[in-house]
Amino acid sequence: MMKISEPKVKNKDTRQYRLQETRLQEKLGDGTTRCHLCSWRCRLRHGQRGFCQAHVNRNGTLYNLSYGIISAIDISPIEEKPVKCQPENADQHS
Ligand code: SF4
């Protein structure tokens, strides 16, 4: 039986909640921030979250609420995936 080893992570407690300052933010001076991560370009006051609900303005700085949190995982082997390494009738495509 195949043994799955522990992932190597620096912070062992992955349940720990932490705020990570959002990259590509623009501080607008009056305590609001503009996020430039996607085309919504949310402008947020203190306490507001972006359209994605993943970024929040806290005292004039934008923070990411989901940084480092796994959003999806799949343990099935790659052999089950519908990957075709060689097209059928390869000679017709050349
Ligand atoms: S939706 Fe989220 S990522 Fe996009 S601009 Fe707004 S806060 Fe930033």
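How many bridges join strand β1 to β6, and in which sense do the two strands run? The legends below take up this pairing and other local views of a predicted model, in which local features need pLDDT of at least 70 and side-chain atom pairs count only at pLDDT 80 or more, whereas totals for chains, interfaces and linings use all residues. Residues are numbered from 1 along each chain as its sequence is written.

**View 1. Strand β6 pairs with β1 and with β5.** Strand β1 (residues 20–21) is joined to β6 by two bridges, and the strands run antiparallel; Glu21 has Tyr63 of β6 as its bridge partner. Strands here are DSSP runs of E with at least two residues, helices are runs of H or I with at least four, both numbered from the N terminus, and two strands pair if DSSP finds at least two bridges between them. The antiparallel pairing of β5 with β6 extends over four bridges, with His55 opposite Asn64 in β6.

**View 2. Gly60 lies in the loop between β5 (55–58) and β6 (61–64).** These strands form a hairpin with two residues between them, and Asn59 in the turn has a positive phi of about 55°. Gly60 is partly exposed because 16 other C-beta atoms lie within 10 Å (buried means 20 or more such atoms within 10 Å, exposed 12 or fewer, and partly exposed in between, with C-beta atoms placed from the backbone). Not counting residues up to four places away in sequence, Gly60 touches Lys27, Gly31, Thr33 and His46, a contact being a pair of C-beta atoms, placed from the backbone, within 7 Å.

**View 3. An open sheet of three strands has the order β2-β3-β4, with antiparallel pairing.** Its edge strands, β2 (25–27) and β4 (43–44), each pair on one side only. Two bridges connect β3 (residues 33–35) with β4, and Thr33 stands opposite Leu44.

**View 4. The shell around the ligand comprises eight nonpolar, two polar and one charged residue.** Among the surrounding residues are Cys35, Cys38, Cys42, Cys52 and His55, where near means a C-beta atom, placed from the backbone, within 6 Å. Ala, Val, Leu, Ile, Met, Phe, Trp, Tyr, Cys and Pro count as nonpolar, Asp, Glu, Lys and Arg as charged, and the others, Gly among them, as polar.

Conventions: Two residues are in contact if their C-beta atoms, placed from the backbone, lie within 7 Å.
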